[in-house]
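Thanks for coming, everyone. I have one structure to walk through today. Please have a look at it first.

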Amino acid sequence: MKKLGMHLVAVMVTGSVLLLACDLGGRPSDLPSPTATPPTIGPVRLREGFEAGLGNWQTGSDVPEDPNRPGQPVAWSITPSREQASEGQNSVRFVLDGVADDGTIWLVRSFDVPPDQDLLVNLAFDLWSESESFNTLAMVAAYAGPRPPQTEGDFDLSQPANLASGWRRYTYDIPTRSDPNGQVWVAVGISVVWETEVTYYVDNLQVEIQTGAVTSGTPPATSSTGQPTPTRGGESPVVAPPPALLEIASRQQISGIGTYCWAQPTGEETAMGVCADMVGIPTAEEPITTTSPFTAIFWLAPEEKPDELQLEVISVTAEDELSPRPAGQRTWSFRSGKRYSLPRERQSSMELTLEPGQYVLSLYARWSAWGSVQYGFLVDVQAPLVCTRPQLWHTYTHPTYGFSFRYPPEWTVQDWSELPNWIWLRHRQRPDLVLSVGVRWPGEAVAIQRTGVGAGELHTEGSVVFLGQELSRDVLIYEGRTKAVLYHRAEEIDVGGLVFTLSLDDRRADYAAADIEPAVQAQVDQIIESFARLPLLRVDEHPIISAEIDGPGHFEYTDRLGPSLLERIEGLRARAAGQKLARANSALAAFGYRLEARDDPSWNRTVYDLVHEGEPQPLITGLSHFWPVSVNASGTEFILAAENAPNAMPPYLLIHADHVEPWEAESNGFLPPEFVGDALARVIVTGFPTLTIQVELDGQIVYQDTAVAYGAYLPVQNLTTWDGHWALELDDRLILDGQDLGQALGYDAVFGFALIRGHPFYFFEQGGRVRLSYAGRTLPNVYERVFHNQCCEAAIHNVEFLEDVVLFHALWNGTWYWVEAGVYDGEESGTYRYTAPEGWSFRFPAHWSRLDEELGFVQDPATGKTVTFASQPTTAVELTRWLEAEIARKLAATEADNTLTEPLSVRSEGDLTIYQYAIRSRLEGSETLLRTTVLFDGQRRYEFSTAIPPVTEEEYQAMIASFQPG
């Protein structure tokens, strides 16, 4: 571009702008004229949800060589998936190994359009990211053109892929041209920019292709052209800068245009230029509302990169607004603010952390060829609904060893089935930072110690508390840099039932450069201190009656439970009432309140008085019922919902730390408000019989749905909050933090949600089977049906929660069971039933906490008691040959002196043939009876083996007696 000379005439106009044309020697005819618009036809449209797989979409890649596998490309895949979906059931899963800090993968397909035509391709899709990251891990790749993309350089890589945790909508307007054969290609993908493996999902992809004149350089979702030439009816084009665009969390705002000096380049020595000045900074009328921190993305229309780009963030109030207000705009007085230099790009972004309030973002841009302009944007920063940091952390639950820990989103967890005794946490931005966790049972013969340490000296620097034990922090320092942190010197830590090792390392190849910053060490200390043992949920099943004879749902069925079970139920209810009162008073004690229970003979029931310390008389007397107390995260407020004394008005109350208010319980579905962090969650129910259900956090709607009531049955079951989360049970659906959990995990139904010892419990149905989930683990118990969500008389057998215990009636293999599942502090016992994929099952003691389906054994790690199991299709002839060979193999073993003490016996029980034998095994003075039982149903053999001792005959025979074929 040729350098343009300008003469600025400054004119101050409050709330408006005066344009002064400066003739710099050019002529109006030297300015570009508007492009003629050719005829257009109807747009081509496609909406793709990938419900039938990839369909006509093809995969493509431009990836480097894997540095760890010479001659091989880095690993990548693009496959249909049911793991995530923004709508429907399916999406497409993109996985790319960023070990080489490079690589792009994509989906692409062609569309039939008119040949040799200018096109505008509108591309939009939902992208799922595991977490939000302010460090860019990957970029979204978008493309439209007359040929298939070949390399990474063909794509628009302007938008980061980690702008949100979960689903986020991305949109592009891409000008292009069709090829001579009437084809245009559209592609979407991922381009990695960090040395880490990334996984994303794409769904709800929409393509619209419009024909006609298209000018390049359009930012997403705007109609601004790269070289705007507005006109005033018949006059020469008016020279004016195009607006800029601000995007925050998918919300966009077109700028106001303040003071500028602008020229329209013509390719000649001279050009027409215009300068204008304003008294204030114009912005849009309505601000973008956001919470802090946030990422502001600025889009500039001219195709050239700016030579200067400066941002000034100005805090404003109503007193700073100038009047009169222009139509559709607001104007703000000049004030000084905090200034930032932005990257000199057409798309430039910056993360901003601002206190709640209103701000003008004044963006100054200068181009040597065009001139300079001041853009104005308006942003309203609000306090976040839930702002405590621990709520942003993820929770990992080990499926076998029964412990959990929390970790921040900038770390990722790796656990491999090939190495079940190890877990690694890696820093996403610095994958060489690794926290290694080794774990084993006390009697498990597996090594979990590290093999050595690098050069340096160990210095003890403080301690951490890990599962109730204080551990030293032994820091390895070499040449003034921290190379590793060994907790308890990386020696084994026995916490009673589990053994751990813990160490943090910087594994950079350049050992001299390795250094673990204090901030990282402090964060890992928090992870270590978040470890928790999961309570064991024990399940006790009692067969009641064949389903052909009777089943739950009417009063008479209750009598079939028998006096001992009915007495047990009443005892559990009394125990739960005491627990509920104790837990309520524990929460109220911090505020000086307590509830006192007393018998009211006039109503023949227990009622509750609310007492405050120092007050001679109860504040409220005779409460009929109360709900659990909810306390906010700051510990400054509580809510206690209660039913008033009989015949007292108002019938329901909400009791706070400093006041009491009536509660319209019916409008809340009889679900009291609860705190999510410091925000207050409420359920609002309107209409009947079709109910509209809303969940609000501090008055802001975060979820809305409808459901149908019938008779006295209301589909809104419960609202539960914990640890920064909320869950709404609605019919057979569970809405967790606004997401349908069943839909996300592929369940047919989810019901019976509750917290047991602070951990989530629920039932889920999948493939005609009902199973139990507790504390992130799926229990081995399987049922055909669990009686629930019934109305009226039948409701007496619905799922019943009694604080730490859940009672329910379940159908399995033609028999109805009464089932008790709970956490008991060790004074109770029960059994689990393992059900194999083929449908056969057996029961084992609940405290045998290790079940390995792949290797086929159940075990009590504390005592080493183990029973192995296996199953395989066979015939009677094959089974006889196999038994003979198996006994011979065991007798021929040389590691012990084995003798057949109980020869093979055969008997029949119903449809089963049962084979049994026992071998006496002697080794170095010890003696064990190896007992084996094989059950045959005519199609499969089922083998059970154990060593007696440590297993007792009674325990083993009880497992065999509980066997049920598929």
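I will go from the whole chain to a sheet, then hairpins, a helix, the cysteines and one arginine.

A word on the source before anything else. This is a predicted model. Please keep that in mind as I read out values.

Start with the overall picture. The chain has 966 residues, and 50% of them count as buried. Its secondary structure comes to 6 helices and 71 strands. Now the contacts. Take those between residues at least 6 apart in sequence: 60% of them join residues at least 24 apart. The accessible surface is about 43,700 Å². Carbon and sulfur atoms account for 49% of that surface.

In what order do the 5 strands of the open sheet run? The order is 3-6-11-8-9, with antiparallel pairing. Strand 3, residues 58-62, and strand 9, residues 156-160, are the edges. Each of those two pairs on one side only. From one strand to the next, the twist averages 25 degrees. As a reminder, strands of a sheet pair through backbone hydrogen bonds, either parallel or antiparallel.

Look at strand 11 in that sheet.

What about the partners of strand 11? Strand 6, residues 104-112, runs antiparallel to strand 11 and is joined to it by 9 bridges. There, T104 stands opposite S191. Strand 8 also pairs with strand 11 in the antiparallel sense, over 8 bridges. In that pairing, A141 has G189 as its bridge partner.

A142 is bridged to D156 in strand 9.

On to the hairpins. Strand 32 covers residues 457-466 and strand 33 covers residues 469-478. They pair antiparallel over 8 bridges. E457 sits opposite I477 of strand 33. The hairpin they form has 2 residues between the strands. L467, in that turn, has a positive phi of about 50 degrees.

Strand 33 then pairs again. Strand 34, residues 481-487, is joined to strand 33 by 6 bridges and runs antiparallel to it. R473 has Y487 of strand 34 as its bridge partner. This hairpin also has 2 residues between its strands. Here E479 takes the positive phi, near 55 degrees.

A helix next. Helix 1 has 12 residues, 518-529. The buried residues in helix 1 include V520, Q521, Q523 and V524. D525, I527 and I528 are buried there too.

Now the cysteines. How many disulfides does a search of the whole structure find? The search finds 1 disulfide. C261 and C275 form it, with their sulfur atoms 2.3 Å apart. C261 lies in strand 15, residues 256-263, and C275 lies in strand 16, residues 273-276. The two cysteines are 14 residues apart. The torsion about their S-S bond is about 120 degrees, so the disulfide is right-handed. C261 and C275 are both buried.

C791 or C792: which is buried and which is exposed? C791 has 15% relative accessibility, so C791 counts as buried. C792 is at 56%, so C792 counts as exposed.

Last stop, R430. Where is R430 placed? R430 is in the loop between strand 30, residues 422-427, and strand 31, residues 433-440. Its relative accessibility is 23%, so R430 counts as partly exposed. Leave aside its neighbours within four places in sequence. R430 is then in contact with W194, D506, R508, D515 and E517. R430 and R507 are 77 residues apart along the chain, and their C-alpha atoms are separated by 9.9 Å.

That is the tour. I'll take questions.

Key: Residues numbered from 1 in each chain as written. Predicted model: local features only at pLDDT ≥ 70, side-chain atom pairs only at ≥ 80, totals over all residues. Heavy atoms only, no water. Disulfide = S-S within 2.5 Å. Helix = DSSP H or I, 4+ residues; strand = E, 2+ residues; numbered from the N terminus. Buried < 20%, exposed > 50% of the residue type's maximum accessible area, 1.4 Å probe, protein only. Contact = heavy atoms within 4.5 Å. Areas by Shrake-Rupley, 256 points an atom, 1.4 Å probe, with all protein chains shown as cover. Expected span 1.5 Å × (residues − 1). Pairing = 2+ DSSP bridges. Axes fitted to C-alpha atoms, helices over the stretch in contact; angles between N-to-C directions.
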